[in-house]
Amino acid sequence: MTVIPAFTGKRLVLARHRRRMTLAALARASKLTTHSLTHFENRLKYPSPQSLDRLAGALDVTPEFLLAPAPQQILPEMMSLRSPTRLTARKRNSAVAVAELTAAFVSWIETHLWLPYPNLPSWPQLDPEHAAEALRAHWQMGDAPSGELTPLLEANGIRIFALPADCGDVGAFSTRQSGTPFVFLPSHLDGEQARQHLAHELAQLVLGHRRPGHRDSRPAAIQFASAFLMPRTAVVAAMLRTATPERLATAACAWGVPASAVLHRLHDLELLPEWDHRSNIQKLGDETSPYKQPGATSVERSYLLPKAVAHLRARGLPVESVAELTALHTGEPPRWPTAPARPTGQPGAGTESADSLARGTSAQSGQR
C-alpha cells in the first residue's frame, strides 16, 4: 500500500481544530474510524492516498494543506482571549489555528517584502495610565488625536487581521509570535467598535497581562485604551468640566470615541463630579440627547497588507497557492479589516494625517 511519507499529523489536528470538529465528527464525515484518525494525528500510522483525499474533502482543505509543514505553535495562554475559561475547547482551538495559519501567511510575505519592524515595547511594570502616556511618547504622538488606529499600529509593526465569520464568536484577541504582535478582530464590527477593540488589544500587548496565571486584565485594558485615545493633557486642556452636550459630542468625535467614553474619562480624572457624571450618562440613553453623534466617529481599515498582497501578485508570486497552505483553501484567505468610507462632511479624527501615515507605511515596505 502506498503511504504519504511527508504526512506528520500536525496539519490534520490543525485543520480539525480550525473546523471545530471532534474526532467523532471527522470520522463520520470522512468515513474513517476514530481509531485510525487518532493514529494519524499521533503519527502512529500514515494515511493512504485514498484516506488523505477523504480527510481533505471532509475538512474542506486540499491534500497539499495536510502535507505542508506545520506552522509555528502559538500557546493559548499567550493569547488575550476574552473570558478564556468560558470559551469551549473547540472555540479556543479554532482561534489558535486561525492565529497560527495567519502568522504563517505573514511569514511568507516577509520573505519577499520588508514589512514595518515591530516597534511595540512591553511594559508590564507600568500602570495603564503611565503605559499609555509612555507609548504615545515612544511613538512621538504628543497629545493630538490618534486618527485611524489601524495604519498607526501597522506602521509600528503590528499585524491586524479580521477573523473569519465562523470565528467571530471568539471576540477580538491579540498575541505575539517570534516578537511580532498580531491583533485579530471580528469581521462584523463597525468603525467605532473596531477602534475600541484595537485600543484594548494594544493594551494587552503593552501591559503583557496575558501571562500564565495572571489576573483578569480587562479593567486595565479599558483604562489604558481610554488614556491612549484621550490623553490626560489634552482632556485637561479642553476644559470640558462645564461643557455643553454639543461641545462634549464634538470632543468625542475629535478623539474618535463615543460621548460616554469622554464622560467616563472626565470622571476618572476627577474633572467631573459623581452626580454630574451619573446625570449625563443617563441622558445618553435618550434618543433625542444632544450627546448623540451623527454616524460613526472613526473608520478603521488596513492599508499595508492589501497593498503588500497586490504587490506580490503583480510580481507573479503564488499568493493563492500559499493561501491554500496557510488558510485552508483559496476561498478563505487571511482577511484584514475594512470599513465604509466616512460620509462627506462628517467630522473625524485626523483623517488627513492618518492617510499620510498609511502612505508612509506602504513606503516602508520594500522588495527583498
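Me: Which side chains meet in a salt bridge with 3.7 Å from N to O, and how should I read such a pair?
Reply: Side chains of opposite charge can pair when their charged atoms come close. In this predicted model, the salt bridge at 3.7 Å, N to O, is formed by the side chains of Lys-91 and Asp-169. Lys-91 belongs to helix 6 (residues 89-110) and Asp-169 to the loop between strand 2 and strand 3, so the pair ties together parts that are 78 residues apart in sequence.

Me: With which other residue does Asp-169 form a salt bridge?
Reply: Asp-169 forms a salt bridge with Arg-20, where the closest N and O atoms are 2.8 Å apart. Because Arg-20 sits in the loop between helix 1 (10-18) and helix 2 (23-30), this pair links parts that are 149 residues apart in sequence.

Me: How are helix 12 and helix 13 placed?
Reply: Two packed helices are described by the angle between their axes and the distance between the axes. Here the axes of helix 12 (residues 245-255) and helix 13 (residues 259-268) come within 8 Å and cross at roughly 100 degrees, which means that helix 12 is roughly perpendicular to helix 13. In their contact, Leu-248, Ala-252 and Trp-255 of helix 12 meet Ala-259, Val-262, Leu-263 and Leu-266 of helix 13, and the residues divide into seven nonpolar, no polar and no charged.

Technical notes:
Residues are numbered from 1 along each chain as its sequence is written. This is a predicted model: local features need pLDDT of at least 70, side-chain atom pairs count only at pLDDT 80 or more; totals for chains, interfaces and linings use all residues. Side-chain values use heavy atoms; hydrogens and water are left out. Axes are lines fitted to C-alpha atoms, for helices over the stretch in contact, and angles run from 0 to 180 degrees between N-to-C directions. Helices (H or I, at least four residues) and strands (E, at least two) are DSSP runs, numbered from the N terminus. Angles under 35 degrees count as roughly parallel, over 145 as roughly antiparallel, 65 to 115 as roughly perpendicular and the rest as oblique. Contact means heavy atoms within 4.5 Å. Ala, Val, Leu, Ile, Met, Phe, Trp, Tyr, Cys and Pro count as nonpolar, Asp, Glu, Lys and Arg as charged, and the others, Gly among them, as polar. A salt bridge is a side-chain nitrogen of Lys or Arg within 4 Å of a carboxyl oxygen of Asp or Glu.
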